[in-house]
Amino acid sequence: MAARVRVGVLGLGGAARSLVPSILAHPECELVAGCDPLAAARERFADLHGVVTYDRAERLVEDANVDVVYVATPHSLHASHAVMAAAHGKHVLVEKPMALTVEACSEMVDAAARAGISLLVG
């Protein structure tokens, strides 16, 4: 069997709670990390899933054990978080809306192309 895709989740609110069961159920995915500025959200996520958690997005995207970053942060942060993840060579799945402006969306697409990573909006 091929190696599993290791997923880190940025933003541990409602969107993450909706998608995480699909990550856990997928035979080729492994949930490995979560990130949220709220300590209670991090503690709940770590207790529930037994994964490392971070308080800052920078720390999650620097984690060598993360292959894909699922961006489920507030909409205003989607572009900066996706660009940051791409700069660290992480594939990105970003919650909709992709970003708040066409310019920010273009920045995300350009960052993905420069990094040679996949960018998916869902």
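Guide: This is a predicted model. It contains an open sheet of six strands with parallel pairing, in the order E3-E2-E1-E4-E5-E6.

Visitor: Which strands stand at the edges?
Guide: They are strand E3, residues 52–54, and strand E6, residues 119–121. Each has a single partner strand, so one side of each has no neighbour in the sheet.

Visitor: By how many degrees are neighbouring strands turned against each other?
Guide: On average by 25°, with direction ignored.

Visitor: How many bridges join E2 to E3?
Guide: Three bridges join E3 to strand E2, which covers residues 29–35, and the two run parallel.

Visitor: What does helix H1 lie across?
Guide: Helix H1, residues 14–25, lies across strands E1 (5–10), E2, E4 (68–71) and E5 (91–94). Its direction is at about 155° to E2.

Visitor: Now to H4 and H5. At what angle do they pack?
Guide: Two packed helices are described by the angle between their axes and the distance between the axes. For H4 and helix H5 (residues 102–115), the angle is about 5° and the axes are 9 Å apart. H4 is therefore roughly parallel to H5.

Visitor: Which residues in H4 and H5 meet?
Guide: From H4 there are His78, Ala79, Ala82, Val83 and Ala86, and they meet Ala104, Glu107, Met108, Ala111, Ala112 and Ala115 of H5. By class, the residues of this contact are nine nonpolar, one polar and one charged.

Visitor: Changing topic, how much space lies in the largest pocket?
Guide: About 240 Å³. The lining has 20 residues, and the closest to the pocket centre are Gly11, Asp36, Pro37, Thr73 and Pro74.

Visitor: Which elements give two or more residues to that lining?
Guide: Those are helix H3, residues 57–61, and helix H4, residues 78–87.

Visitor: And what classes does the lining have?
Guide: Nine residues are nonpolar, six are polar and five are charged.

Visitor: One last point: where is Pro97?
Guide: Pro97 is in the loop between E5 and H5. A cis peptide bond joins Lys96 to Pro97, with omega about -5°.

Technical notes
Residues are numbered from 1 along each chain as its sequence is written. This is a predicted model: local features need pLDDT of at least 70, side-chain atom pairs count only at pLDDT 80 or more; totals for chains, interfaces and linings use all residues. Side-chain values use heavy atoms; hydrogens and water are left out. Two strands pair if DSSP finds at least two bridges between them. Helices (H or I, at least four residues) and strands (E, at least two) are DSSP runs, numbered from the N terminus. Axes are lines fitted to C-alpha atoms, for helices over the stretch in contact, and angles run from 0 to 180 degrees between N-to-C directions. Contact means heavy atoms within 4.5 Å. On a 1 Å grid over the protein atoms alone, a cavity is a set of points where a 1.4 Å probe fits but cannot get out, and a pocket is an open set with protein on both sides within 12 Å along at least five of seven lines; lining residues have an atom within 4 Å of a point. Grid points are joined across faces, edges and corners, and a volume is the space filled by probe spheres set on the points. Ala, Val, Leu, Ile, Met, Phe, Trp, Tyr, Cys and Pro count as nonpolar, Asp, Glu, Lys and Arg as charged, and the others, Gly among them, as polar. Angles under 35 degrees count as roughly parallel, over 145 as roughly antiparallel, 65 to 115 as roughly perpendicular and the rest as oblique.
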